Amino acid sequence: MIIHDITDCVETEEQLEEAESYFSQVFLNLPDYCYMVSNDGYIFNANKAAIKTLGYKKSEIIGKHILEIYTGDSREKAQRAFNKMNNDGRLRNIELSLKTKTGEERRVLLNVDVVKSKAGEFQYALDRKS
């Protein structure tokens, strides 16, 4: 009979679950608009501030391409910024205009950090606007 002590594995898994829960709560409750964006530019998570400010339901914003929420000239600027982010892994203080569900325009400062795996692969971009 072979017996393996998995106590350390169970404790590590519990710590990981706690950390994920903490991150999720922080993300959801940040006062800045925040999105989690895939490497091809699609929003797969948005926090409460983003949803409230833009006037969308969460189900309406999830799956949108990030460029869809920008207005006019800001869309081209956002595309250039998205390309730069993929190269540099971050963006700081890019001024853009967003459009709300009702068509209202909002000026924001965009800050983005790319989150990578231990192997250095793109996991998602954390897109913050203030």
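This note goes through a predicted model, from overall build to single residues.

1. **Overall build.** The chain has 4 helices and 5 strands. From the N terminus on, the order of elements is α-β-β-α-α-α-β-β-β. Of the 130 residues, 36% count as buried. Contacts between residues 24 or more positions apart make up 38% of those with a separation of 6 or more.

2. **Dimensions.** The radius of gyration is 18 Å, whereas a compact globule of 130 residues would come near 14 Å. Along the principal axes, the C-alpha atoms fill a box of roughly 70 × 30 × 20 Å.

3. **E3 against E4.** These two strands run antiparallel and are joined by 8 bridges. Lys-99 has Glu-105 of E4 as its bridge partner. Ser-97 stands opposite Arg-107 in E4. Ile-94 has Leu-110 of E4 as its bridge partner. The E3 and E4 hairpin has 5 residues between the strands, and Gly-103 takes a positive phi near 95° there.

4. **E4 against E5.** Here 7 bridges hold the pairing, again in the antiparallel sense. Leu-110 takes part on this side too: its bridge partner in E5 is Lys-129. E4 and E5 also form a hairpin with 5 residues between them. In that turn, Gly-120 has a positive phi of about 85°.

5. Which residue has a positive phi although it is not a glycine? Asn-93 does, with a value of about 50°. Most residues other than glycine have a negative phi. **Main nonpolar core.** The largest nonpolar core has 26 residues. Tyr-35, Ile-61, Ile-66, Tyr-70 and Leu-98 have the most contacts inside it. Several elements give two or more residues to this core: strand E1 (33-37), strand E2 (43-46), helix H2 (48-54), helix H4 (72-88), strand E3 (90-99) and strand E4 (105-116).

6. Another core, of 6 residues, lies apart from the largest one. Its members include Phe-27, Cys-34, Met-36 and Leu-126.

7. **Met-36.** This residue sits in strand E1. Met-36 counts as buried because its relative accessibility is 8%, under the 20% cut-off. Not counting residues up to four places away in sequence, Met-36 touches Phe-23, Phe-27, Tyr-42, Ile-43, Phe-44, Asn-45, Tyr-124, Ala-125 and Leu-126. Met-36 and Asn-111 are 75 residues apart in sequence, and their C-alpha atoms are 12 Å apart in space.

8. **Asn-45.** Beyond four places in sequence, Asn-45 touches Phe-27, Cys-34, Tyr-35, Met-36, Lys-58 and Ile-62.

9. **Lys-64.** This lysine is found in the loop between helix H3 (58-61) and H4. Lys-64 has a relative accessible area of 19% and is therefore buried. Its contacts, not counting residues up to four places away in sequence, are Gly-41, Tyr-42, Ile-43, Tyr-56 and Ile-69. Tyr-42 and Ile-43 are also among the residues that Met-36 touches.

Terms used:
Residues numbered from 1 in each chain as written. Predicted model: local features only at pLDDT ≥ 70, side-chain atom pairs only at ≥ 80, totals over all residues. Heavy atoms only, no water. Core = buried A, V, L, I, M, F, W, Y, C linked by side-chain atoms within 4.5 Å. Buried < 20%, exposed > 50% of the residue type's maximum accessible area, 1.4 Å probe, protein only. Pairing = 2+ DSSP bridges. Contact = heavy atoms within 4.5 Å. Rg over C-alpha atoms; globule rule 2.2 N^0.38 Å.
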